[in-house]
Amino acid sequence: QEKVQGELDAGFGSPAELVVWPELEVDFGQFGGTIGKVGPRPGTIRIGQTDSEGLASQSELGAKALLADLRGAAVVVSRASGSSEGQPRTEPVSDESKAANEVYRVAAYDEASRLLSIVDGTGQPAQLDASEGDTVQVLGAALQTGRNLYLRHCMHCHGVSGDGAGPTSQYFKVKPRDYRQGVIKFTSTKASVPKPSRDDLFRIIKLGVPGTYMPSFMLLPDQEVNLISEYVRWLAMRGEMERKLNAWLTTSYSADAVAEASSASELRAEFDTEWAEDSVENITRYGNDLKADWQDADKPESVVNPSVPRTPSSPESIARGRELFLSKDAKCASCHGQTGRGNGPSTEAFNDLPGMPPGTKSDKPGLFDNWGNIVKPRNLTTGVFRGGRRPIDIYRRIHSGIKGTPMQAFGTTLKEDQIWDVVNYVLSVPFEEKQSGH
């Protein structure tokens with residue numbers, strides 16, 4: 001626990017004091033320039049020439065967002081004659097690197113005067129060994145702003161750490177999402193791509209999730225929604241890193257292994273040796289895996305875009321879709337029921353638990369998601385679709401499934417035109433009685 005917590009603190013910090021780890025696939029935000037003047041007070045510098053008219057952003061989050069709240073963001077001062085790349089993380093740098101770079105945090109920034117107040121690790125005005133012409137970079141301002149927006153709008157349901165256990169979550173039948181597994185249900189990405197894209201997170205936050213307690217944030221500016229979604233990505237990556245470290249260590253140091261050890265000191269010595277030999281390699285590999293997974297989700301080829309245009313909705317297409325819905329190939333009725341009311345036989349059976357070895361049955365009847373919550377298949381007669389009701393949204397649900405749930409992907413089972421027929425049938429279900437005149 002001590003080692004895992006120490007690594008999380010070093011690589012991510014805490015929700016109250018973020019750490020910049022540029023290797024992660026997170027847009028931390030970046031503001032910088034050259035020092036025009038040191039002073040007039042201890043720990044202050046006046047920024048002279050700035051990058052890109054005042055801002056150097058890693059993406060397009062925008063100037064106002066990056067300057068909205070610099071307090072607590074990391075500051076890297078680079079000597080004019082030294083490296084300008086800064087440090088990969090913001091814990092105190094080693095004595096060997098202090099000659100080239102110093103790492104501090106922002107106490108305040110006045111945009112009008114460009115006066116930056118900087119504190120050291122103790123919160124005292126930084127004793128800056130800097131001069132005019134040195135480079136200063138403020139790292140993490142965008143994520144810091146996203147954090148503050150998250151605490152204002154999201155924390156009461158999703159929790160400070162993103163565990164889905166905020167103070168109001170206990171009153172909800174449909175539980176808020178726990179981001180720490182890095183699994184988001186409703187994505188536009190293929191079944192083989194485990195992560196959501198930035199567009200997916202933006203859409204969920206902006207439009208909400210119909211039929212749940214997740215509201216729409218249509219009134220928030222797009223820029224603020226982007227900042228919140230970036231912070232959610234950061235929370236997910238932090239949780240995933242914790243899970244990866246725990247999985248590695250508990251393999252060798254489970255409760256059973258501890259009980260069988262000849263002595264605590266011997267076990268501790270074994271642990272220290274393994275940590276010293278393998279921790280750097282494993283943590284680097286885990287970080288690279290996280291980066292690759294989240295990068296893949298934003299690649300255009302990862303998005304489900306059918307090559308066949310939507311089949312026009314017609315009685316013939318709807319009939320074909322219904323036949324597929326009831327067929328043994330699609331097996332939609334086993335969960336959604338013969339009439340699409342979400343009452344199929346699977347809802348009363350003892351099913352395999354997701355995320356567990358095949359054959360691991362639940363001790364309760366029903367369907368469960370990766371978070372251990374019971375899942376009720378969608379009642380299609382209501383016309384409420386949590387992942388969006390556009391035809392392309394429903395197509396993607398059928399093609400790629402719903403990640404973290406028993407809703408499986410049918411992209412390799414059904415042809416594209418067949419999926420469109422099922423889409424047309426699903427969209428017709430709420431209106432069947434009106435069409436039949438009953």
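A crossing of two helices is left-handed if the near helix is turned anticlockwise from the far one by less than a right angle, and right-handed if clockwise. The model is predicted; local features need pLDDT of at least 70, side-chain atom pairs count only at pLDDT 80 or more, and totals for chains, interfaces and linings use all residues. Residues are numbered from 1 along each chain as its sequence is written, and side-chain values use heavy atoms, with hydrogens and water left out.

**Helix α6 with helix α7**

- Helices (H or I, at least four residues) and strands (E, at least two) are DSSP runs, numbered from the N terminus.
- The crossing of α6 and α7 is right-handed.
- Helix α6 spans residues 198-207 and helix α7 residues 222-252; their axes come within 9 Å and cross at roughly 115°.
- Axes are lines fitted to C-alpha atoms, for helices over the stretch in contact, and angles run from 0 to 180 degrees between N-to-C directions.
- Contact means heavy atoms within 4.5 Å; the α6 residues that meet α7 include Leu201, Phe202 and Ile205.

**Helix α4 with helix α7**

- The axes of α4 (residues 141-153) and α7 come within 8 Å, crossing at roughly 95°.
- Helix α4 is therefore roughly perpendicular to α7 (angles of 65 to 115 degrees; under 35 is roughly parallel, over 145 roughly antiparallel, the rest oblique).
- Among the α4 residues that meet α7 are Leu143, Leu149 and Tyr150.
- On the α7 side, this contact includes Tyr231 and Trp234.
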